[in-house]
Amino acid sequence: MSRKSQRQIDLLAALLAYHAPRTFEQIVDDVPDYQQSAGPSLKRLFERDKKDLRELGVPVETVGGEGSEDSAYRLRTKDFYLPYLTLMNSLEWSKPRKVDKTGYHALPVLAFEPEELVAIARAGHRVRSMGDPGLTGEVDSALRKLAFDLPVDSAMPASEEHLHVRGKRAGAAELDALSAALLLRKRVKFWYQGMNSGSREQRTVEPYGLFFLNAHWYLAAYDTDREALRNFRVSRIEQVKRLDSKDASPDYQVPDDFSLREHARSRQAWEIGDGDGVHAVVEFSGGSGVARAGAELGEPVEGRPNCRTFRVRRQDTFARWILSFAGEAMPLEPPELVQAVRDLAAATRAVYAEAES
């Protein structure tokens, strides 16, 4: 274990050992590595460790003004630890496994019904079956935590189903390099294979976040050459390099109004791409709930109540989506999208005709 990791674990232990807030001076007495420094450098070291823990999701609370002389710090056990987990059986709770004496008796109890446990186990199984190493590691970690109190293994499905993912998978080296750049706020450059143009070119970006959508990893980043926010499929990224190899200071700041959760949630598959895209006009003639829901994803077209306009960066994906409405939605423009839907419909009919023969 590195010295930094050991020091931050000692800081966690020092905060969790007390219910009352602890001052900086009191914390120093409980963290051995802090006793090797003094003065302003010690305070800066503590502030960096506190910042790192918060970025990892540890809810270190400041009591009093942040950075003031009377500041104190607290980490509540109920905010840090999972609740005790139990399984309901015949309207009764199984007894949670509580730790004696110095255990955390103030933690709440969270009860699962058997059907909920089965749903969690199946979801974990399906994530594993996608074959993504990063997601597999995360779901295994989550299920290990649940398995401490719950019989997760007995709820796992017995099937060996495998989910087929179209296209190339994201490389572990690229994901690791981008994740490190994100944590340190460092600009990177990489080679990128364009989705639409097919050209391979070098891009320089400021990473804002990684998100997983439609079975693929994407990087949301500010493209410094194009001066615009772009989404890059990580499987098309190669040879990631930092522009500045020093870790001391960030190269940029993510805008305060940027939310990765909202950014990823608002994306549709056809919107993910590296180009500016085209405006597609689609006429929704069907009255089914599916057609009405699809129309809600587009913007109204003045004077044409049955039409909606969409910003499309991936016409192949958008064409497959249009085809799924079985005639209740038809593209009107641009011409290349209209032709793409016709070609896809013809190819689909040919597949079924061949199967019937």
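**Close-up 1. The largest pocket and its lining.** In this predicted model, the largest pocket is lined by 26 residues, and Lys51, Asp52, Glu55, Leu183 and Leu184 lie nearest its centre; a pocket here is an open set of points on a 1 Å grid over the protein atoms alone, with protein on both sides within 12 Å along at least five of seven lines, and lining residues have an atom within 4 Å of a point. The volume of the largest pocket is about 1000 Å³, where a volume is the space filled by probe spheres set on the grid points, which are joined across faces, edges and corners. At least two lining residues come from each of α1 (3-16), α3 (39-55), α8 (172-184) and β8 (200-213), and α3 gives the largest share, with 7 residues; helices (H or I, at least four residues) and strands (E, at least two) are DSSP runs numbered from the N terminus. By residue class, the lining of the largest pocket holds 12 nonpolar, 3 polar and 11 charged residues, with Ala, Val, Leu, Ile, Met, Phe, Trp, Tyr, Cys and Pro counted as nonpolar, Asp, Glu, Lys and Arg as charged, and the others, Gly among them, as polar. Residues are numbered from 1 along each chain as its sequence is written, and side-chain values use heavy atoms, with hydrogens and water left out. As the model is predicted, local features need pLDDT of at least 70 and side-chain atom pairs count only at pLDDT 80 or more, whereas totals for chains, interfaces and linings use all residues.

**Close-up 2. The crossing of α1 and α3.** The axes of α1 and α3 come within 10 Å and cross at roughly 80°, the axes being lines fitted to C-alpha atoms, for helices over the stretch in contact, and the angles running from 0 to 180 degrees between N-to-C directions. The two helices, α1 and α3, are therefore roughly perpendicular to each other, a term that covers angles of 65 to 115 degrees, while those under 35 count as roughly parallel, those over 145 as roughly antiparallel and the rest as oblique. From α1 the contact takes in Lys4, Arg7, Gln8, Leu11 and Leu12, and from α3 it takes in Leu45, Phe46, Asp49, Lys50, Asp52 and Leu53; contact means heavy atoms within 4.5 Å. The residues of this contact of α1 with α3 divide into 5 nonpolar, 1 polar and 5 charged.

Close-up 3. An open sheet of 3 strands has the order β1-β3-β2 with antiparallel pairing, two strands being paired if DSSP finds at least two bridges between them. At the edges stand β1 (22-23) and β2 (61-63), each with a single partner strand, so one side of each is left without a neighbour in the sheet. Strand β3 (residues 72-74) is joined to β1 by 2 bridges, and Thr23 stands opposite Ala72 in β3. Helix α3 packs on this sheet, touching β2 and β3, and its direction makes about 30° with that of β3.

Close-up 4. The strands of an open sheet of 5 follow the order β10-β9-β8-β7-β11, with antiparallel pairing. Strands β10 (228-233) and β11 (237-242) stand at the edges with a single partner strand each, so one side of each is left without a neighbour in the sheet. From one strand to the next, the twist averages 45°. Between β9 (residues 216-223) and β10 there are 6 bridges, with Asp223 standing opposite Ala228 in β10. The loop between β9 and β10 holds Glu227, a residue other than glycine whose phi is positive, near 55°. Helix α8 lies across β7 (188-193), β8, β9 and β11, and runs at about 35° to β11.

**Close-up 5. The largest cavity.** A search of the whole structure finds 1 cavity of 30 Å³ or more, a cavity being a set of grid points where a 1.4 Å probe fits but cannot get out. The largest cavity contains about 80 Å³ of space and is lined by 13 residues, of which Asp132, Arg169, Ala170, Ala215 and His216 lie nearest its centre. The lining of the largest cavity divides into 7 nonpolar, 2 polar and 4 charged residues.

Close-up 6. A cis peptide bond, with omega about 5°, joins Glu333 and Pro334, and Pro334 lies in the loop between β15 (329-333) and α12 (335-356).
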